[in-house]
Amino acid sequence: MQKKRAYSFPDEVLEHVFSFIQSGKDRNAVSMVCKSWYEIERWCRRKVFIGNCYAVSPKMVIKRFPEVRSIELKGKPHFADFNLVPDGWGGYVLPWIVEMAGAYPWLEEIRLKRMVVTDESLELIAKSFKNFKVLVLFSCEGFSTDGLAAIAAGCKNLRELDLRESEVDDLSGHWLTHFPETCTSLVSLNISCLGSDEVSFSALERLVGRCPNLRSLRLNRAVSLDKIANILCLAPQLVDFGTGNYTTELQPDVLSNLTAAFSSCKELKSLSGFWDVVPAYLPALYPVCSRLTSLNLSYATIHSPEIIKLVSHCPSLQRLLVLDYIEDSGLEALASSCKDLQELRVFPSDPFGVEPNVSLTEKGLVSVSLGCPKLQSVLYFCRQMTNAALVTIAQNCPNFTRFRLCIIEPKTADYLTREPLDVGFGAIVEHCKDLRRLSLSGLLTDRVFEYIGTYAKKLEMLSVAFAGDSDLGLHHVLSGCESLRKLEIRDCPFGDKAILANAAKLETMRSLWMSSCTVSFGACKLLGQKMHRLNVEVIDETEPPCSRPESCPVDKLYVYRSISGPRSDMPPFVWTMDEEGTILH
Amino acid sequence: MSTPLEHDYIGLSEASSRERSSEKIPCSSSTPSIEDKTSTDTLLNLKETELRLALPGSLSPDRKLSLLRTALDSNDKSNGFAVYPLKNLVSGAKRGFSDAIDGPNGNGKWVFPMNGISDVDLAKAPVLASPRAVPAMKEVAAVPLSPKSTQDKKNPVPPASKAQVVGWPPIRSFRKNTMASNSAKNSDDVAGCHYVKVSMDGAPYLRKVDLNTYKNYVELSSALEKMLSCFTIGQCSSSGFPLRDGLSRLMDLLHGSEYVLTYEDKDGDWMLVGDVPWEMFTESCKRLRIMNGSEAIGLAPRAMEKCKNQN
């Protein structure tokens with residue numbers, strides 16, 4: 001009997017169909033349907049996202065996906081942002097660039113997060129990819145303005161250069177002049193992280209002037225207010241603008257020029273920057289406020305009355321980043337003017353002070369939760385909290401996808417009842433069924449983890465600090481949170497038992513970070529021995545873990561799944577536990 | 001390698017934990033079934049079971065003594081104790097676990113009491129404060145681990161800029177540095193950070209230190225020494241034990257005169273560290289470099305001159 005084919009689409013048709021499927025997750029699913037779909041899919045995959053650069057090797061990626069045009073890589077663990085990962089840990093992009101230079105001559109986009117990028121890497125990018133268009137370096141380090149000059153000079157079709165929050169070595173302010181006069185393709189330029197002297201303003205003006213498609217421009221602090229008007233007049237088509245220093249010496253026409261310049265920007269929807277704000281110049285923004293959907297005032301040291309004035313002009317605001325100078329009163333005003341608010345981030349103006357310097361409490365967040373029904377994403381630094389407030393917030397905002405609360409003093413209890421905040425966070429996970437990201441703080445027992453394990457079924461990322469009583473807490477999370485991908489823990493009494501009991505779970509996650517916990521070196525060795533597809537890295541800057549008894553807790557532990565085995569670029573203070581129980585280095 | 005039983009951790013084998021009659025569990029039992037579904041039951045029983053998980057330093061005195069004797073007798077690597085950290089075992093200084101024996105909660109349980117600083121928290125304090133925050137080690141009491149501070153905020157208040165726990169509150173460096181330069185302009189009390197890069201000749205990468213965490217040159221240099229040791233530390237052989245070579249190189253670096261500490265100031269000049277008052281140094285230092293002694297010869301006279309000009 002003849003074997004009937006289940007379907008008889010030619011490959012080209014399937015490829016065409018697949019081209020409509022953009023998301024990596026969906027593509028992965030498609031590739032698992034059957035062998036022929038796997039084959040077709042891999043040849044037409046153009047975009048690859050690699051959440052952990054050590055989970056797979058460049059050669060493996062290239063072998064499976066030979067025709068990639070866009071790659072996104074992430075390097076260091078998230079806690080590197082808070083200086084918990086020692087310098088030199090890793091996350092080097094050069095090996096990737098070297099391999100891709102040979103295999104992907106038509107590569108167009110490279111997006112990196114928390115990686116070490118050297119000038120050599122940047123020069124190689126500029127040289128190797130003739131059609132290079134997009135470079136995003138998010139929170140990266142290791143390169144200087146020389147590398148940027150190479151990119152500017154070498155990438156003839158550059159569309160996007162975004163250096164957000166990266167650390168750049170200032171060697172020369174004139175790298176911008178390396179953009180040839182023929183370069184008119186820029187769509188997005190973000191140099192907000194550069195230091196004071198790293199930009200030649202005249203070169204910047206000329207560049208902006210000749211790029212008609214420029215939609216997003218974020219300047220650095222060196223650019224003062226009087227210069228902004230010129231820039232805006234050169235680029236009235238901007239959709240996203242980051243000011244430099246929002247200050248200048250008092251001159252007669254600055255305000256009127258600025259107001260006129262902003263008025264000419266009919267498409268402007270997003271503003272950021274605002275270092276050193278002089279409140280008198282804020283009214284220049286009024287012409288654009290009604291259209292603003294995103295406002296980042298998180299570096300602006302203006303106080304509540306000025307913030308309220310500004311924000312009340314922005315009824316379409318969807319995203320607000322602000323310092324805690326906004327205070328409860330400002331948040332109340334926000335709640336009544338900005339009904340479309342989806343994301344709120346409140347940063348501390350004086351995080352290391354002992355006494356609160358502003359009147360920002362749990363009440364502010366409660367007001368916003370009450371007044372803004374579309375609120376989905378919250379990052380909130382404050383000094384006090386109650387279970388009752390959290391329960392109210394949870395009930396008001398069942399649509400939360402991201403909830404990060406940082407009560408500045410570790411182990412702070414509910415200030416009214418003196419109880420742990422277990423019930424409050426429990427309410428958050430219980431009501432917010434779509435919660436994907438959660439950061440905990442305050443006084444918390446194992447109970448909160450029981451709630452999390454029971455309810456937080458869609459939770460993908462959890463950050464924990466100074467919480468819990470015993471391994472049971474960690475066990476609840478590892479055994480209950482089905483969607484968990486990233487877990488980062490510091491200063492919690494979690495040890496061997498929970499990890500070893502849930503070792504298989506770790507292979508379903510991207511990574512686990514534990515620092516200043518009580519996981520013993522012996523457990524790490526065992527984990528590395530038994531779980532061959534996990535890289536178990538022990539980080540200790542003071543002395544080798546093998547010089548102490550095995551029951552000694554390790555300082556820092558980073559466990560991540562990988563199909564390329566232990567990495568070969570570890571610094572002296574990182575040890576990995578491999579299959580034979582030996583410690584590689 | 002056979003470890004003394006007292007140093008075993010539990011949780012290896014659910015089978016053996018179920019039949020747990022004695023407290024001591026052999027380290028290398030048969031294949032641990034780490035995915036055992038009854039693990040929950042076992043874990044839940046933990047609170048009832050008196051677990052004596054010997055924290056280093058919490059050993060009975062004669063046990064300690066015999067270990068010490070063993071270590072001293074055989075400079076043999078196979079017992080797992082290198083000479084180098086031995087002093088830590090005896091003095092308990094490194095981790096402060098010796099505090100655990102006599103502490104208020106010295107019952108040996110793994111459970112952390114909810115409302116007090118447990119001994120292990122105390123022991124953790126030095127670990128929390130990474131080499132970059134050396135002063136924090138000296139102010140363990142001020143490290144905000146104690147709920148006491150939440151209860152009586154009005155009472156004896158620690159100094160205005162309290163010892164900082166590394167990486168807490170979780171604020172990104174970019175933001176911290178920006179805030180630091182804001183407050184430097186505005187107020188007297190700079191609570192921010194002043195990160196400078198530290199490069200060392202011959203080292204493969206840069207380090208960063210926060211100058212605000214040190215009060216004087218002594219603190220800075222001891223932190224840098226610790227950092228130096230990072231570059232030579234833990235050269236473990238394939239069997240996982242520290243090599244003697246690593247140890248002797250470390251000693252050379254610490255006590256020898258191979259390296260000289262220099263810094264780049266606001267004017268871009270390289271100066272020897274230590275010539276100017278500490279405050280002046282922190283204000284003008286942009287980055288640090290640990291140079292080979294031979295290269296630093298030309299620096300001294302300039303540093304003196306510059307000082308004279310400034311004063």
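Start with chain B as a whole: of its contacts with a separation of 6 or more, 54% are between residues 24 or more positions apart. Keep in mind that this is a predicted model.

**Stop 1: chain B**

Colour chain B by secondary structure. The chain has 311 residues, and 47% of them are buried.

Now select B:Trp168 and B:Pro169. The peptide bond that joins them is cis, with omega at about -5°. Where does B:Pro169 sit? B:Pro169 is in the loop between α8 (148–151) and α9 (173–186) of chain B.

**Stop 2: the nonpolar cores**

Move to chain A. Select A:Ile110, A:Phe241, A:Tyr246, A:Phe262, A:Phe403 and A:Ile452. They have the most contacts inside the largest nonpolar core, which has 207 residues.

Zoom in on A:Phe241. Which residues does A:Phe241 touch, not counting those up to four places away in sequence? Among them are A:Leu217, A:Leu219, A:Ile228, A:Ile231 and A:Leu232. A:Phe262 is also on the list, as are A:Leu268, A:Ser270, A:Leu271 and A:Ser272.

There is a second, separate core of 20 residues. To find it, select B:Val198, B:Met227, B:Met271 and B:Val273, which it includes.

**Stop 3: helix α7 of chain A**

Select residues 145–154 of chain A. This is helix α7, and 7 of its 10 residues are buried. The buried ones are A:Thr145, A:Gly147, A:Leu148, A:Ala149, A:Ala150, A:Ile151 and A:Ala152.

What covers them? The cover includes α6 (119–128) and the strands β4 (134–138), β5 (141–144), β6 (160–162) and β7 (167–169) of chain A.

Look at the start of α7(A). A side-chain oxygen of A:Ser144 reaches to within 3.0 Å of the backbone nitrogen of A:Asp146.

**Stop 4: two helices side by side**

Show helix α12 (residues 304–311) and helix α13 (residues 327–337) of chain A. Their axes come within 9 Å and cross at roughly 5°. That angle makes α12(A) roughly parallel to α13(A), because angles under 35 degrees count as roughly parallel.

Show the side chains where the helices meet. From α12(A), A:Ser304, A:Ile308 and A:Val311 take part. From α13(A), pick A:Glu327, A:Ser329, A:Gly330, A:Ala333, A:Leu334 and A:Ser337. The residues of this contact divide into 4 nonpolar, 4 polar and 1 charged.

Stay with α13(A). Its buried residues are A:Asp328, A:Gly330, A:Leu331, A:Ala333, A:Leu334, A:Ala335 and A:Ser337. What covers them includes α12, β13 (319–323), β14 (343–347), α14 and β15 (377–382) of chain A.

**Stop 5**

A:Glu327 is not a glycine, yet its phi is positive, about 60°. A:Glu327 is partly exposed, with a relative accessible area of 21%.

Next, go to A:Arg418. A:Arg418 is in the loop between β16 (402–407) and α16 of chain A. Its phi is positive too, about 65°, although A:Arg418 is not a glycine. At 38% relative accessibility, A:Arg418 counts as partly exposed.

**Stop 6**

Select A:Glu362 in helix α14 (residues 362–371) of chain A. Is A:Glu362 buried or exposed? Its relative accessibility is 6%, so A:Glu362 counts as buried.

Now jump to A:Gly426 in helix α16 (residues 422–431) of chain A. A:Gly426 has 3% relative accessibility and counts as buried. Draw a line from its C-alpha to that of A:Val448. A:Gly426 and A:Val448 are 22 residues apart in sequence and 6.0 Å apart in space.

Finish at A:Ser562, in the loop between β22 (556–561) and β23 (574–577) of chain A. With 5% relative accessibility, A:Ser562 counts as buried. A polar atom of the A:Ser562 side chain lies 3.3 Å from the backbone oxygen of A:Ala55. Leaving aside neighbours within four places in sequence, A:Ser562 is in contact with A:Tyr54, A:Ala55, A:Val56, A:Arg533 and A:Asn535.

Definitions and conventions: Residues are numbered from 1 along each chain as its sequence is written. Chains are lettered from A and ligands numbered from 1 in the order in which they are written. This is a predicted model: local features need pLDDT of at least 70, side-chain atom pairs count only at pLDDT 80 or more; totals for chains, interfaces and linings use all residues. Side-chain values use heavy atoms; hydrogens and water are left out. Axes are lines fitted to C-alpha atoms, for helices over the stretch in contact, and angles run from 0 to 180 degrees between N-to-C directions. Helices (H or I, at least four residues) and strands (E, at least two) are DSSP runs, numbered from the N terminus. Angles under 35 degrees count as roughly parallel, over 145 as roughly antiparallel, 65 to 115 as roughly perpendicular and the rest as oblique. Contact means heavy atoms within 4.5 Å. Ala, Val, Leu, Ile, Met, Phe, Trp, Tyr, Cys and Pro count as nonpolar, Asp, Glu, Lys and Arg as charged, and the others, Gly among them, as polar. A nonpolar core is a set of buried Ala, Val, Leu, Ile, Met, Phe, Trp, Tyr and Cys residues joined through side-chain atoms within 4.5 Å. Buried means under 20% relative accessible area, exposed over 50%, partly exposed in between (1.4 Å probe, protein chains only). A polar contact is a pair of N or O atoms within 3.5 Å; within protein, one must be able to donate a hydrogen and the other to accept it, and residues adjacent in sequence count only if both atoms are side-chain atoms.
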